[in-house]
Amino acid sequence: MNAFSQIPFRRKLRLVILATCMAALTVASVALFALQFHFYKRDYRRDLAAVAQILAEMSTGAITAGLPESTGDILAALKAKPHVTGAFVRVPDSKTAYGEFGSVPPMLTHTDLPDEFSQFDGELVYVRAITDGPDRVGSLYLVSDYRADSLRLHGLYAGILISVLGTSVLVAALVSVKLERFISEPIHNLAETARGIASRGDYSLRARKSAEDEIGEFADSFNHMLNQIESRDLSLRHEIAERVRAEQELQRVDQQLMDASRHAGMAEVATGVLHNVGNVLNSVNVSATLISEKLGIARTEKLEKAARLLLEHNGSLAEFLTHDPKGKLLPGYLVDAAHHLSNERLGAQEELTLLARNIEHIKEIVSMQQSYASVSGVIEILDLATLIDDAVQMNSGAFDRHGVTLRRDYEPVPPVPVDQHKVLQILINIMRNAKYALDEADPSEKRLTISLRKTDEPAIEIAIADNGVGITEDNLTKVFMHGFTTRKNGHGFGLHSGALAAQQMGGRLTAQSLGLGHGATFTLTLPLPADA
Amino acid sequence: MSHPPRSAQTLLLALLLLVSSMPASAQEPGEYQRKSALICTFLRSVSWPARRFQEPGSPIVIGIYGTDSISDFLREAIQDRRYQDRPVVIKRFTRREELAGCHLLFVSRSERDKLGPILGEVRRESVLTVGESDNFLKAGGVINFVEVAGVMRYQIHGEAAKRERLTISGKLLQYALPTDYNPTSPHFTAAR
């Protein structure tokens, strides 16, 4: 069946026609052959019986005359019947064959056979009674080579049958070649149209309708379908064009958005830089003011006066120092002044060191922000307690001024690999926020608790809790958003960049508050390496 | 009304004379004419033993014994024809001792009462004896002529033929009347 399915339609049709013709012809031929065979057999026997009857009647005279051998010239007439190969006459009570004609099987002459057709030694034998009136006077034996004869004849019939079949198939093939076009042509046209559409994608092609039959109907339906496909194709093309346009638009907007976000990113970086630098600058400013104040109230004026006194009494210094009441006080004063100046220098030096450290921090912030997206700062394994203390130190001036009580609650924790400046930036930010929160709430005791502990994660948690104004539940999630602030002159950037920095280190920054007036706790969680 | 011409009357007269002078035998074959024809058939249908002929071309001799009413008709029927590739000679015999020399012996009914000695003369001489007497077969003859309802028929005595070593064709036997044929018996008809 598979092989059949590969054949083109036209050939299939031809095959079907031929197969049908062949089947019909074969059935008809076989039926005719069988009928012919039957008639031949019947006629053959009838003919033999008729010949036997004639010969038997002709032989009666010879037998009744007692001269059965004289039937020889009667039986000789059988040479006109080539299929009768032998014949003889027998008289009752005798095994002798008289009037023998042709060749007779030797045993047959001694065999009694009934008056009918029988097979003897492969030959068809017909026995006919020879009667004289009511009396049987003898038997006529006819031997016929029926088999050879029928074989020859049926061979001829078979030959005719085969040649008739062959000729019929040939004629059927010729006729079917002419006729199949009526059926296959419309289908061929349809297939051709379909192929054209498939190969060229040209949906404007239409099948030609050549008849009002089922195929014509099919062609109509096909064309109708093509109409629909064509209109759908058209709308699909429009849609695709529309999509392409939309995609281009999207790309353009995307580009714009990317540009915008790049600008925004740059702005964010700038804001971050400004904010952090601003924070540090605050400390720088405080340090500078302190130095300036300390230097402002320095006793250089009196020292100048003492120097001038010494200059005035240049010739009589010994007398001045020993006799003049002022001169007597001068050495003590100088010692006092020297001591005082030395103290001041120490204080200024301390403040300058802090200043230098702050300026270093600014430098770090700027360089860190320059590589905001890709480059993180240097990772160092540091003691977090020291780092917290540094941050506290940087804000200590402000805490002092605002009367903030600081409580440290450090548990011993292992050193962790961190980006020092990021952690500092985060802690300073939180502490500054806490300071503002405490200022706003202004409780009787402004308390800031910094705790450090190790969790089971394993991670290190730095929690900075205040009893300030607190955060509403709504704002708890918003505080880390870029640009969100509750302060009049805030930027809404500190916590945002802090949370980002914590994320970049693999940690997180979270906020907890029981609501307004209940204070707030900011927790920086930093992961511990697995082996720590 | 005009008279026919004289010449036409003369012609009619001549025609009448011609018809009245024709022999009656020309209209219907006579008894011996028919017997002669049958004897010609016998010549074709009976074969003699080879010893009866001295050489291949020896003639078949037909002997006629008794009143001869047949020889002219026989000559007329046979003419110059050859039978079994032999010429035919017709002889009239008057002496019984000479009879064994012929092949076919026709015994006239004039000899009805002397058949015994005549047939005894040719017994076992392979002579086909043909007679026209009711007792001919009984006397040992082979073929006897019988006229049934105006048709000339014959009887063949098979045993006699066998005795004389004569081979008789089945076809001849086919049309023979039975030897026990009795013209007075009601169940025999000319149709047989």
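How many helices and strands does chain B have? In this predicted model, chain B has six helices and eight strands.

**Chain B**
- Read from the N terminus, the elements of chain B follow the order α-α-β-β-α-β-β-α-β-β-β-α-β-α.
- Chain B comprises 192 residues, of which 32% count as buried.
- Among the contacts in chain B with a separation of 6 or more, 61% come from residues 24 or more positions apart.

**Contact between chains A and B**
- Chain A contributes 14 residues to the contact, and chain B contributes 15 residues.
- On the side of chain A that touches chain B, helix H2 (9-64) and helix H3 (72-75) of chain A are the elements that give two or more residues.
- H2(A) gives the most to this side, with five residues.
- By class, this side of chain A holds five nonpolar, eight polar and one charged residues.

**Five-stranded sheet in chain A**
- Five strands of chain A form an open sheet with mixed pairing, in the order S7-S9-S10-S12-S11.
- Strand S7 (404-410) and strand S11 (508-513) of chain A are the edge strands, each pairing on one side only.
- From one strand to the next, the twist averages 15°.
- S11(A) and strand S12 (residues 520-527) of chain A run antiparallel and are joined by six bridges.
- Gln512(A) has Thr521(A), in S12(A), as its bridge partner.
- Helix H12 (residues 494-504) of chain A packs on the sheet and touches S11 and S12 of chain A; the direction of this helix makes about 135° with that of S11(A).

How values were computed. Residues numbered from 1 in each chain as written. Chains lettered and ligands numbered in written order. Predicted model: local features only at pLDDT ≥ 70, side-chain atom pairs only at ≥ 80, totals over all residues. Helix = DSSP H or I, 4+ residues; strand = E, 2+ residues; numbered from the N terminus. Buried ≥ 20, exposed ≤ 12 C-beta atoms within 10 Å, placed from the backbone. Contact = placed C-beta atoms within 7 Å. Nonpolar A, V, L, I, M, F, W, Y, C, P; charged D, E, K, R; others polar. Pairing = 2+ DSSP bridges. Axes fitted to C-alpha atoms, helices over the stretch in contact; angles between N-to-C directions.
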